[in-house]
Amino acid sequence: MKTPERTTLPLDVLEAATYNPRTISPKARKGLAMSLKRFGMVQEIVVNRRPDGKFRIIGGHQRAEVMRAANETQVPVTIVEISDSDEHALNLALNSPSVTGTFADDLLTPILQRLAIDDAVLFADLNLEDLLKPLETPAPNADPMMGALEYRIVITCVDENQS
């Protein structure tokens, strides 16, 4: 396999993969836009240099669209030259929880609590509240066949006077 090349390309030369199975909700798109505005493009868009010389996006479709909407003209990219089959597999692997892992709740929760206190606006803008998952335990006296969930809300105050 050829070593990936890291560079910057004009957004208008990047083609979206018509097969890309990823979608994004308006709420998530807004959160992504806020993240890119706050932190910049810290993760390159992955593209496949096609035999015809075109660059097809493998990973980063949503970031590319948000950058286009923000009238950006250049983006950092990682260029690979791989087969169609490998391109499809990489497209899936870049976003699959099966290979990217999950959050450890015992480590995630304190970070989320701290961010909610330290920068409530950023916490909301990045939709971080969505990372607070329900505990999958049956509610008392719940019908086990109904799959009832119990939800927990954690509120952390700096001191007893904080409302």
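Q: Are R50 and E87 buried or exposed?
A: The model is predicted: local features need pLDDT of at least 70, side-chain atom pairs count only at pLDDT 80 or more, and totals for chains, interfaces and linings use all residues. Residues are numbered from 1 along each chain as its sequence is written, and side-chain values use heavy atoms, without hydrogens and water. Relative accessible area sets the class, with a 1.4 Å probe and protein chains only: under 20% is buried, over 50% exposed, in between partly exposed. R50 and E87 are both buried.

Q: How many residues apart in sequence are the parts that R50 and E87 tie together?
A: The two form a salt bridge (a side-chain nitrogen of Lys or Arg within 4 Å of a carboxyl oxygen of Asp or Glu), with closest N and O atoms 3.0 Å apart. R50 sits in the loop between strand 3 and strand 4, and E87 in helix 3, so the pair ties together parts whose separation in sequence is 37 residues.

Q: Which residues do salt bridges that share partners join into one network?
A: E5 lies in strand 1 and R49 in strand 3, so parts 44 residues apart in sequence are tied together. Both are partly exposed, E5 at 37% relative accessibility and R49 at 27%. Salt bridges with shared partners make one network of K2, E5, R49 and E81.

Q: Which residue forms a salt bridge with R38?
A: R38 belongs to helix 1, and its partner lies 81 residues away, in the loop between helix 5 and helix 6. R38 is partly exposed at 47% relative accessibility. The closest N and O atoms of the pair are 3.4 Å apart, and the partner is D119.

Q: How far apart are the end C-alpha atoms of helix 1?
A: Helices (H or I, at least four residues) and strands (E, at least two) are DSSP runs, numbered from the N terminus. The expected span is 1.5 Å times one less than the number of residues. Helix 1 has 14 residues, 26-39, so the end C-alpha atoms should lie 20 Å apart; the model agrees, at 20 Å.

Q: Which helices do the buried residues of helix 1 pack against?
A: These residues are G31, L32 and L36. They cover an arc of only 135° around the axis, which puts them on the same side of helix 1; the arc is that of the directions from the axis to the C-beta atoms. On the other side, P26, K30 and K37 are exposed. Packing is against helix 2 and helix 6.

Q: What is the relative accessible area of Q62?
A: Q62 lies in helix 2. Leaving out residues up to four places away in sequence, Q62 has contacts (heavy atoms within 4.5 Å) with N20, R22, T23, I24, R29 and L32. Q62 counts as buried because its relative accessible area is 18%.

Q: Which helix besides helix 1 do the buried residues of helix 2 pack against?
A: The buried set of helix 2 is H61, Q62, R63, A64, V66 and M67. Its packing partners include strand 3, strand 4 and strand 5. Helix 1 is another partner, and so is helix 3.

Q: What share of the 163 residues of the chain counts as buried?
A: The chain has six helices and five strands, in the order β-β-α-β-β-α-β-α-α-α-α from the N terminus. Among contacts between residues at least 6 apart in sequence, 70% join residues at least 24 apart. The buried share is 26%.
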